[in-house]
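Here are some notes to read alongside the model. Have it open while you go through the points.

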Amino acid sequence: NCHSFRKAEDVDSVELHKVHTSGEKVECFACHGKVSHSPTEDAPLAVMMDCKSCHSDTHNVQLGVYTAQEHPQQKESSRVLSPMFLTHVECTGCHIEQRPVGTGTVESIGKVAKAVPEACDKCHEPGTGQRYIPFWQGEIKKLHNQVSGRLNELQNVAQTETDQNKAGELKSRIAQAKALLDSVEADGSWGVHNLKYTEAILLKAKEIIGEVQ
């Protein structure tokens with residue numbers, strides 16, 4: 001937070017503390033965190049770390065889809081809210097299965113909470129998740145593929161458009177539609193986080209693309 005350059009190699013601890021406490025007046029806790037002065041109490045570095053200082057806002061897309069705020073609507077009343085969100089179901093309500101971090105990622109010997117269809121059975125009749133989730137995801141993926149195909153057609157038209165004004169208008173529509181499609185992909189639940197809202201996002205992208213000449 002303070003240094004944009006390397007610290008001096010030959011500064012000992014006494015000089016280091018003198019510079020920071022007397023010269024720059026940096027608070028002790030800014031570097032040391034919680035210090036426990038007790039022969040029976042130990043505060044390891046781990047309890048001083050704030051993971052959120054680096055790992056923050058990593059699920060913004062998922063949160064935006066779940067709360068219907070990923071893409072602002074023209075009217076607040078037109079927001080398509082998930083029934084799960086309205087009944088105050090938090091992420092941990094569905095993400096209940098602890099699994100090792102997947103291959104191809106940084107190995108941290110940690111685990112991640114995965115959502116599983118069985119989580120639905122805690123509130124609904126047994127088998128609800130197994131019955132509905134594949135259907136929801138199948139319908140959303142089908143619509144996503146359909147809209148993606150039309151977007152590819154529009155991109156081909158834009159590449160051959162000689163009129164600069166029309167070409168600019170096509171590029172703008174392509175960028176808007178692609179942002180909507182990308183958000184559905186980035187969410188990764190394919191409708192499970194908010195089925196009707198995800199469908200609305202894709203239909204909006206389809207509307208933006210319009211008829212491809």
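**Notes on the helices and their packing**

1. Let's start with helix H8 (residues 164-187): at 1.5 Å a residue, its 24 residues should span 34 Å, and its end C-alpha atoms are 35 Å apart, which agrees. The expected span is 1.5 Å times one less than the number of residues. Helices here are DSSP runs (H or I, at least four residues), numbered from the N terminus.

2. Before going further, a word on the ground rules. This is a predicted model, where local features need pLDDT of at least 70 and side-chain atom pairs count only at pLDDT 80 or more, while totals for chains, interfaces and linings use all residues. Residues are numbered from 1 along each chain as its sequence is written, and side-chain values use heavy atoms, with hydrogens and water left out.

3. On confidence, pLDDT is the predictor's own score for each residue, from 0 to 100. The chain averages 85, and 80% of the residues score at least 70. Helix H3 (residues 45-48) has the lowest confidence, with a mean of 61, while H7 has the highest, at 96. Where pLDDT is low, the predicted coordinates should not be read in detail.

4. Now look at the ends of H8. At its start, a side-chain oxygen of Asp 163 comes to within 2.9 Å of the backbone nitrogen of Asn 165. Just after H8, Gly 188 has a positive phi of about 80°.

5. Which residues of H8 are buried? Among them are Ala 167, Leu 170, Ile 174, Ala 177, Leu 181 and Val 184, along with Arg 173 and Asp 187. (Buried is under 20% relative accessible area, exposed over 50%, partly exposed in between, with a 1.4 Å probe and protein chains only.) Their cover includes helix H4 (60-66), helix H7 (128-160) and helix H9 (195-209).

6. H7 passes the length check too: its 33 residues should span 48 Å, and its end C-alpha atoms are 49 Å apart, which agrees. Its buried residues pack against H8 and H9. Lys 141, which sits in H7, is partly exposed, with a relative accessible area of 38%.

7. Finally, the largest nonpolar core has 21 residues, and Val 147, Leu 151, Ala 177, Val 184, Leu 202 and Ile 209 touch the most other members. H7, H8 and H9 are the elements that give two or more residues to this core. (A nonpolar core is a set of buried Ala, Val, Leu, Ile, Met, Phe, Trp, Tyr and Cys residues joined through side-chain atoms within 4.5 Å.) Leaving aside neighbours within four places in sequence, Val 147 is in contact (heavy atoms within 4.5 Å) with Leu 181, Leu 202, Ala 205, Lys 206 and Ile 209.

How values were computed:
A polar contact is a pair of N or O atoms within 3.5 Å; within protein, one must be able to donate a hydrogen and the other to accept it, and residues adjacent in sequence count only if both atoms are side-chain atoms.
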